[in-house]
Amino acid sequence: MVRIVGIAGSLRPNSYTQLALQVAAQRLQAIGADVEILDLRQLQLPFCNGEKEYPEYPDVQRLRETVSGADGLILATPEYHGGVSGVLKNALDLMSFTELSGKVTGLISVLGGQSNSNALNDLRLIVRWVHGWVIPEQIAIGQAWSAFNSEGKLLDEKLSQRFDEFAQSLVDSTRKLKGIN
């Protein structure tokens, strides 16, 4: 079974980024993947200062161990000032090649304005730098305030279909690249 860990770089309550990650997780589970979401809002993580160990922050070790045990990742970020959120970048900076190398990764960005690829491109560079694999399917949700209904369901059928394709690609690519049947 493919094991995927999802991380959203938004600390906001009622976050559209968290909703998008939940949609992706549901689609992955529907096709047989084991998915765990690490909620950065629930973890006590320090600002990365380049140290190898953070003994006073046990959640750093929890983050590292959870990601190490995964075959693949979903990284979801709000786009702030044309780039990846600081909270997601910090979580990634607290890890190293040990945790991230070889991970097959799907990317999601969420914007209040028009959809673009800036944050997705930032994440693509970061994942490549740590020797991970990013799938070609990616999701950028522009005007996120209009993308979900009050129950957190997607309103646009084409966007919903893209989530299905995203999930299938992440599972298929992970199986191929990690040698999982």
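Contact, in what follows, means heavy atoms within 4.5 Å. The model is a predicted one: local features need pLDDT of at least 70, side-chain atom pairs count only at pLDDT 80 or more, and totals for chains, interfaces and linings use all residues. Residues are numbered from 1 along each chain as its sequence is written, and side-chain values use heavy atoms, with hydrogens and water left out.

I will start with two helices. Helix H1 covers residues 16–30 and helix H6 covers residues 157–178. Which residues of H1 meet H6? They are Ala20, Val23, Ala24, Arg27 and Leu28. On the H6 side, the partners are Ser160, Phe163, Asp164, Phe166, Ala167, Leu170 and Val171. By class, that contact has nine nonpolar, one polar and two charged residues. For the classes, Ala, Val, Leu, Ile, Met, Phe, Trp, Tyr, Cys and Pro count as nonpolar, Asp, Glu, Lys and Arg as charged, and the others, Gly among them, as polar.

Now the geometry of that pair. H1 and H6 pack at an angle of about 60°, and their axes are 9 Å apart. The axes are lines fitted to C-alpha atoms, for helices over the stretch in contact, and the angles run from 0 to 180 degrees between N-to-C directions. Angles under 35 degrees count as roughly parallel, over 145 as roughly antiparallel, 65 to 115 as roughly perpendicular, and the rest as oblique. H1 and H6 are therefore oblique to each other.

Is Ser173 buried or exposed? Its relative accessibility is 18%, so Ser173 counts as buried. The cut-offs are under 20% relative accessible area for buried, over 50% for exposed, and partly exposed in between, with a 1.4 Å probe and protein chains only. Leaving aside neighbours within four places in sequence, Ser173 is in contact with Val104 and Ile135. Ile135 is 38 residues away from Ser173 in sequence, and the two C-alpha atoms are 7.1 Å apart.

Next, two strand residues. Leu38 lies in strand S2, residues 34–38, and counts as buried because its relative accessibility is 1%. Beyond four places in sequence, the contacts of Leu38 include Val5, Gly6, Ile7 and Ala8, as well as Arg62, Leu63, Thr66 and Val67. Leu38 and Ile7 are 31 residues apart along the chain, with 5.4 Å between their C-alpha atoms. Ser109 is in strand S4, residues 104–110. Ser109 has 0% relative accessibility and so counts as buried. With neighbours within four places in sequence set aside, Ser109 is in contact with Thr77, Asn116, Ala119, Leu120, Ile139, Ala140 and Ile141.

Helix H3 runs over residues 86–93, and its buried residues are Leu88, Asn90, Ala91 and Leu92. What covers them? The cover includes strand S1 (3–8), helix H2 (58–68), strand S3 (72–78), helix H4 (97–100) and H5.

Now the loops. Ser101 sits in the loop between H4 and S4 and is partly exposed, because its relative accessible area is 34%. Not counting residues up to four places away in sequence, Ser101 touches Val130 and His131. His131 is itself in a loop, between helix H5 (118–129) and strand S5 (133–141). His131 has a positive phi of about 65° although it is not a glycine. Gln143, also not a glycine, has a positive phi of about 45°. Gln143 is in the loop between S5 and H6, and at 30% relative accessibility it counts as partly exposed. Pro13, in the loop between S1 and H1, is exposed, with a relative accessible area of 60%.

Last, the annotation. In the model, the end C-alpha atoms of residues 3–145 lie 30 Å apart, and the span is 35% helix and 24% strand.

Definitions and conventions: Helix = DSSP H or I, 4+ residues; strand = E, 2+ residues; numbered from the N terminus.
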